[in-house]
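Subject: Structure handover

Hello,

Here is the structure I promised to pass on. Please have a look at it, then read my notes below.

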Amino acid sequence: DYSKEKQNGRTDTAETQEILKILLEKVKTEPNNANIYHDLGIAYAKLGELKLAQENLEKALEIQPDYENAIRNLLKVYQATGQPVEKQQELLKRLPK
């Protein structure tokens, strides 16, 4: 879980890069799998590649618009990259009440 690892300050870059390689191969065979795009987004975020993290999390939400973890993680990326408040608020509206 991205948030737990971030809180604990334990992000193993080499391990994340290995996971990223696996996910990039997996997405070729499952291009409509929102979970893979979500996990790619998390891996890129761990590596500090926030633009790629955003693109992959947005792709996960294109495939599965109600994917709550993708919404929450994309919101973190939006906040980290200084996206406009309006854009963040639109995303918040998609979370279940």
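What does the accessible surface of the protein come to, and what share of it belongs to carbon and sulfur atoms? The surface is about 6,300 Å². Carbon and sulfur atoms hold 48% of that area.

One caution before the details: this is a predicted model.

**Confidence**

The mean pLDDT of the protein is 88. A score of at least 70 is reached by 89% of the residues. Helix H4 (residues 50–63) has the highest mean among the elements, at 97. Helix H1 (residues 2–8) has the lowest, at 45. Residues 1–11 stay under 50 throughout. The model gives that stretch 11 contacts beyond four places in sequence. Where pLDDT is low, the predicted coordinates should not be read in detail.

**Overall make-up**

The protein has six helices and zero strands. From the N terminus on, the order is therefore simple to write: α-α-α-α-α-α. The protein has 97 residues, and 35% of them are buried. Now take the contacts between residues at least 6 apart in sequence. Of these, 44% join residues at least 24 apart.

**Helices H2 and H3**

How do H2 and H3 pack, and at what angle? Helix H2 covers residues 13–29, and helix H3 covers residues 34–46. Their axes lie 10 Å apart, at an angle of about 150°. Angles over 145 degrees count as roughly antiparallel, so H2 is roughly antiparallel to H3. The crossing of H2 past H3 is left-handed.

Which residues meet there? From H2 come Thr16, Leu20, Leu23, Leu24, Lys26 and Val27. From H3 come Ile36, Tyr37, Asp39, Leu40, Ala43, Tyr44 and Lys46.

**Leu95**

Look next at the segment after helix H6 (85–92), where Leu95 is found. Is Leu95 buried or exposed? Its relative accessibility is 11%. The cut-off for buried is under 20%, so Leu95 counts as buried.

Which residues does Leu95 contact, leaving aside neighbours within four places in sequence? They are Glu68, Ile71 and Arg72. Asp66 is 29 residues from Leu95 along the chain. Even so, the C-alpha atoms of Leu95 and Asp66 are separated by 7.5 Å.

Best wishes

Technical notes
Residues are numbered from 1 along each chain as its sequence is written. This is a predicted model: local features need pLDDT of at least 70, side-chain atom pairs count only at pLDDT 80 or more; totals for chains, interfaces and linings use all residues. Side-chain values use heavy atoms; hydrogens and water are left out. pLDDT is the predictor's confidence in each residue, from 0 to 100. Helices (H or I, at least four residues) and strands (E, at least two) are DSSP runs, numbered from the N terminus. Contact means heavy atoms within 4.5 Å. Buried means under 20% relative accessible area, exposed over 50%, partly exposed in between (1.4 Å probe, protein chains only). Accessible areas come from the Shrake-Rupley method with a 1.4 Å probe; for residues, only the protein chains shown count as cover. Axes are lines fitted to C-alpha atoms, for helices over the stretch in contact, and angles run from 0 to 180 degrees between N-to-C directions. Angles under 35 degrees count as roughly parallel, over 145 as roughly antiparallel, 65 to 115 as roughly perpendicular and the rest as oblique. A crossing is left-handed if the near helix is turned anticlockwise from the far one by less than a right angle, and right-handed if clockwise.
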